[in-house]
There are 2 protein chains.
Amino acid sequence: MGALLQEGEESPFIAVNEEGRSPFVLICEHASRTLPKKLGTLGLSEADLHRHIAWDIGAENVGRLLSRLIDAPLLLQRYSRLAYDCNRPPESPDAIPELSELTAIPGNRKLSPEDRLARAREIYRPFHDGVSLVLDRRAAAGLRSLVVSIHSFTPIYKGKPRAVELGILHDRDTALSSKLIKSFPNVEARLNEPYGPKDGVLHTLNMHAFARGLQHAMIEIRNDLVATERGQDEWAQRLSVPLIQAATK
Amino acid sequence: MGALLQEGEESPFIAVNEEGRSPFVLICEHASRTLPKKLGTLGLSEADLHRHIAWDIGAENVGRLLSRLIDAPLLLQRYSRLAYDCNRPPESPDAIPELSELTAIPGNRKLSPEDRLARAREIYRPFHDGVSLVLDRRAAAGLRSLVVSIHSFTPIYKGKPRAVELGILHDRDTALSSKLIKSFPNVEARLNEPYGPKDGVLHTLNMHAFARGLQHAMIEIRNDLVATERGQDEWAQRLSVPLIQAATK
């Protein structure tokens, strides 16, 4: 047991369909709103702990359905991003946010270096070690990997509504995103919206995909579109064919 | 024990002066020409195993002297890059080279997926896990880190002599390299020579520094200049003040 996770609490890394035969490896860093027991509620209300500040609403299910449709491995993170945002490095103030959108997170204030290190060592690092090992195994077996992370975003941010429905995010390597963006003519789809590399959201992909020379893209779906099972199924379907086509052409 | 390293063989990761108070973290992936016992000589002669194809001649000692001069942590890799080149991802054919410069490496030919995975899991991954943990600890403690890797290159490559004496290598983030290059007016110092990002040599720095938003640079010294202790000492001295200045201005 570590300083944060207690006996009976599971590893942050969950691999679904790890032997899936797609060249895509799907990642969902913000799948869950579960908090490690030791953190209690972080001083937040039940209502806040269900909001998008705690997790990417609908993203896990879109990922699971898409994983089945295209037979791809899906790598999920088990804990809320309020405990540690696994798409941020330990240097980032957003890794353990004291403020998320407009909500103060009392349980993340005035942490000691030991508290910060425990969050990084017991959530961030084991999750990314899991991702590394899956990619290492595939490389050793001579399998091609393209890495796609699945996220959702809130339709209203700091009081302002967002028109974009689907964001395809990239940093320097645009190979995959430039193909994907053409596949959604009837959707409000935009490159690097509502976030982009300057917001630090390409961390996971820069570390695991860019640094290894693997094609990659980050998918952001507006969460009102994937709040229900019907919406999750619709978007998994919508994403499946463009991904398969982007991998082959 | 793993499939590669045997009882009594040590971890690939060596941390020297880990509590050093410099903002710089020095890395030397090619410090050593030691081979894991199980690999024997990889089918090479003793003479070949002393050449630059096995390690970066002089780099470890430049790193150790520089670590002392500026009080910086130095992270060394214990095994020869002929076993696994820790500055390459498992996807790269150069990670476990079948040919290095003009020399065939018989012991790296026709490896099974299991052999490849053992090299990655027992050399590459533990080394980089060690680097990650050092950077995680520093971040949790609120310490700033700038990452500099120390390499050396052969004066004659594929029969052609090289005039450059000092290479300062960068990929997209030029903040540190653009300062350092100005500090060597009387040396044949060049940016992105004799290698650059297109040769895949920025792997370690892209993964550990760029992805975390840390300033970084790769230092390449022509190995005839650092083959002796006197040369190693000279270059550690030459590098020390420009680094200290680059961190403060």
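Predicted model: local features only at pLDDT ≥ 70, side-chain atom pairs only at ≥ 80, totals over all residues.
**Entry 1: overall size of chain A**

For 249 residues, a compact globule would come out near 18 Å. Chain A has 17 Å, so the value agrees with a compact globule. I then looked at the box around the C-alpha atoms of chain A. Along the principal axes, it is roughly 50 × 45 × 30 Å.

Next I listed the elements. Chain A has six helices and 11 strands. I also looked up burial: 49% of the 249 residues in chain A are buried. Then I turned to contacts in chain A between residues at least 6 apart in sequence. Of these, 80% join residues at least 24 apart.

**Entry 2: the nonpolar core**

I kept a general point in mind here. In soluble globular proteins, nonpolar side chains tend to be buried together. The largest nonpolar core in this model holds 132 residues. Which members touch the most others? They are Leu26(A) and Leu26(B).

**Entry 3: where the chains meet**

I counted the contact between the chains. On chain B, 25 residues are in contact with 25 residues of chain A. Which helices of chain B supply at least two residues each to that side? Helix H3 (113-140) and helix H5 (203-208) do. H3(B) gives the largest share, 11 residues. By kind, the residues on this side of chain B are 12 nonpolar, five polar and eight charged.

Do the copies meet through the same surface or through opposite ones? I compared the two lists to find out. 100% of the interface residues of chain B are also interface residues in chain A, so the surface is the same.

**Entry 4: how the copies are related**

I superposed chain B on chain A. A rotation of 180 degrees does it, with 0.0 Å of shift along the axis and an RMSD of 0.0 Å. The two copies are therefore related as by a two-fold rotation axis. I looked for the C-alpha of chain B nearest that axis. It belongs to Met207(B), 2.4 Å away.

**Entry 5: helix H6 in chain A**

I checked the length of helix H6 (residues 229-248) of chain A. Its 20 residues, at 1.5 Å a residue, should span 28 Å. The end C-alpha atoms are 29 Å apart, which agrees.

Which residues of H6(A) are buried? I found Gln232(A), Trp235(A), Ala236(A), Leu239(A), Leu243(A) and Ala246(A). The numbering made me recall a rule about helices. An α-helix has 3.6 residues a turn, so residues three or four places apart point the same way. The buried residues of H6(A) pack against strands S2 (24-28), S6 (146-153) and S11 (216-222) of chain A. They also pack against helix H2 (59-70) and helix H4 (175-180) of chain A.

**Entry 6: Leu214(B)**

Leu214(B) sits between H5 and S11 of chain B. Is Leu214(B) buried or exposed? A residue with 20 or more other C-beta atoms within 10 Å of its own is buried. Leu214(B) has 23, so it counts as buried.

I then checked its partners. Leu214(B) and Val147(B) are 67 residues apart in sequence, yet their C-alpha atoms are 7.0 Å apart.

I looked for cis peptide bonds. One joins Glu193(A) and Pro194(A), with omega about -5 degrees. Pro194(A) lies in the loop between strand S10 (189-191) and helix H5 (203-208) of chain A. Chain B has a cis bond between Glu193(B) and Pro194(B), also with omega about -5 degrees.

Leu42(A) has phi near 60 degrees. Its place is the loop between S2 and helix H1 (46-50) of chain A. Leu42(A) counts as partly exposed because it has 17 C-beta neighbours inside 10 Å. Asn17(B) has a positive phi of about 55 degrees. This residue lies in the loop between strand S1 (13-16) and S2 of chain B. With 17 other C-beta atoms within 10 Å, Asn17(B) is partly exposed.

Methods
Residues numbered from 1 in each chain as written. Chains lettered and ligands numbered in written order. Helix = DSSP H or I, 4+ residues; strand = E, 2+ residues; numbered from the N terminus. Rg over C-alpha atoms; globule rule 2.2 N^0.38 Å. Buried ≥ 20, exposed ≤ 12 C-beta atoms within 10 Å, placed from the backbone. Contact = placed C-beta atoms within 7 Å. Core = buried A, V, L, I, M, F, W, Y, C linked by C-beta atoms within 7 Å. Nonpolar A, V, L, I, M, F, W, Y, C, P; charged D, E, K, R; others polar. Least-squares fit on C-alpha atoms with pLDDT ≥ 70 in both. Expected span 1.5 Å × (residues − 1).
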